[in-house]
Amino acid sequence: MSLNKLAPTTPLSDLKVLELGQLIAGPYCGQILADFGANVIKIEPPGKGDSMRQWGEVDADGEPVWWNVIGRNKQSVTLNLREPQGQEILRNLASQADILIENFRPGTMERWGLGYDVLSRNNPGLIMVRVTGFGQDGPYSDRAGFASVCEAMGGLRYISGYPDRPPVRVGISIGDTLAGIHGAIGALVALHQREKSGEGQVVDSAIFESVLGVMESLVPEYDRTGKIRERNGSSLPGIAPSNAYPARDNRDVIIGANQDSVFRRLCEAMGQPTLADHPDYATHRARGANQQAIDDAVAVWTSQHDAQEIVNKLAEAGVPAGLIYRAPDMLADPHFNARKSIVMVPDRKGKPLPMQNVFPRLTKTPGTIRHAGPQLGEHTNEVLKGWLDMNDAQLDTLRNSSII
């Protein structure tokens, strides 16, 4: 699990990106672009930096670990955007950028004189990715929108958990991440359009809509049938068998055999081939109508075997099955290792740190992890000299004025 070598050609290496985002949503969009080679300049408040520098667990040296991942492959520049001089520097940087990412509350950039109408005057090809809780317009647009609130509004929270308990939260800030992914997709679509028109545009990625977009048929089902999808625990309503089943060694195994042919293979592996022809289980809808009964039947079988034995047997039979992994399971798994799904990246002190690799994989121009998250302001001098031709005296003046 060694650090990827820099690919000969990274697909976005010709792009200049300014990331003004903070926390997760905007920075995850920037991480995606940086992973595929974009020159992402992370703009941070002097002396403080992105709050992500302080989030998550700390290592033995007291250093937060998460920043190494979400800040990877980026350059850090400190700039006080609340001051006119800092705003002017940002306008000059934006005149050379291909993409600008921000996830402040709507109206903030405009109050700073950094709205798209201003920035695009000197750079008509600029693409601005704007990630917010509720979008750039509408009656809720000026509300603060953290992922937890927007996940609830987008429909995810209501269907998460068990029917006899209050809704639960997914264990990660999935709404932020989805909005970041949609922001990156939007930026690349806008780049493609710019190749034809020469003009940039605004990408409006709202967290609540990013969640809504993955809610499958929840809304049209309600419209046509009047049914509201409810919490269903560890399974999906009407999809059977597809659940977590108890093994003899007190572990759970995830089995998904809800397709006709796959269910037949499961029945054969269980030693009950005739079950696949039973009228209660022979079709997708029949299995959905008898979901509890079929789950009980599968659980009786799994409880007689150890978890790994079940996984091995079902893998041989062509039935999707797997264990529920934690971090140590991922690090030890031979498939993760063979695909280098997790790689070792030196942190700022040179200590190897395992983190997820770049996904998706491209066969000719793959992304790569070049370095972990940078120190605050590590590249301020380099970027301001290289982009804006500033000299040391100018940089010293800006630093003494707390602009950088």
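How many helices and how many strands are there in the chain?

**Figure 1. Overview of the predicted model.** The chain contains 17 helices and 11 strands, and its C-alpha trace spans about 80 × 50 × 40 Å along the principal axes. Of the 404 residues in the chain, 45% are buried.

Figure 2. At least two lining residues come from each of helix H1 (25–35), helix H2 (67–70), helix H7 (174–197), helix H14 (327–332) and strand S11 (352–356). When the lining of the largest pocket is sorted by class, 21 residues are nonpolar, 7 are polar and 3 are charged.

**Figure 3. Salt bridge between lysine 42 and glutamate 19.** The closest N and O atoms of lysine 42 and glutamate 19 are 2.6 Å apart. This pair links distant parts of the chain, with lysine 42 in strand S2 (residues 39–44) and glutamate 19 in strand S1 (residues 16–19), 23 residues apart. Lysine 42 and glutamate 19 are both buried, and they belong to a network of salt bridges that links Glu19, Lys42, Asp50 and Lys74. In the chain, the count of salt bridges comes to 22.

**Figure 4. Salt bridge between glutamate 102 and arginine 130.** The side chains of glutamate 102 and arginine 130 meet with an N to O distance of 2.5 Å. Because glutamate 102 lies in strand S4 (residues 99–102) and arginine 130 in strand S5 (residues 127–132), the pair ties together parts that are 28 residues apart in sequence. Glutamate 102 has a relative accessible area of 1% and is therefore buried, and arginine 130, with a relative accessible area of 5%, is buried as well.

**Figure 5. Salt bridge between aspartate 277 and arginine 264.** The closest N and O atoms of aspartate 277 and arginine 264 are 2.7 Å apart. Aspartate 277 lies in the loop between helix H10 (260–269) and helix H11 (284–289), whereas arginine 264 lies in helix H10, so the pair ties together parts that are 13 residues apart in sequence. Arginine 264 counts as partly exposed because its relative accessibility is 34%.

**Figure 6. Nonpolar surface patch made by Tyr158, Tyr222 and Ile228.** The patch has an area of about 330 Å². One of its residues, tyrosine 222, lies in helix H9 (residues 218–225) and, at 48% relative accessibility, counts as partly exposed.

**Figure 7. Cis peptide bonds at proline 241 and proline 360.** Alanine 240 and proline 241 are joined by a cis peptide bond with an omega of about -5°, and proline 241 lies in the loop between H9 and strand S7 (242–246). A cis peptide bond also joins phenylalanine 359 and proline 360, with an omega of about 0°, and proline 360 is found in the loop between S11 and helix H16 (380–388).

**Figure 8. Positive phi angles at leucine 23 and glutamate 216.** Although leucine 23 is not a glycine, it has a positive phi of about 60°; leucine 23 is placed in the loop between S1 and H1 and is buried, with a relative accessible area of 18%. Glutamate 216, likewise not a glycine, has a positive phi of about 55°. Glutamate 216 is placed in the loop between helix H8 (207–212) and H9, and is exposed, with a relative accessible area of 63%.

Technical notes: Residues numbered from 1 in each chain as written. Predicted model: local features only at pLDDT ≥ 70, side-chain atom pairs only at ≥ 80, totals over all residues. Heavy atoms only, no water. Patch = residues over 30% accessible without salt bridge, like charges linked within 9 Å, V, L, I, M, F, W, Y side chains within 5 Å. Areas by Shrake-Rupley, 256 points an atom, 1.4 Å probe, with all protein chains shown as cover. Salt bridge = Lys/Arg side-chain N within 4 Å of Asp/Glu carboxyl O. Helix = DSSP H or I, 4+ residues; strand = E, 2+ residues; numbered from the N terminus. Buried < 20%, exposed > 50% of the residue type's maximum accessible area, 1.4 Å probe, protein only. Nonpolar A, V, L, I, M, F, W, Y, C, P; charged D, E, K, R; others polar.
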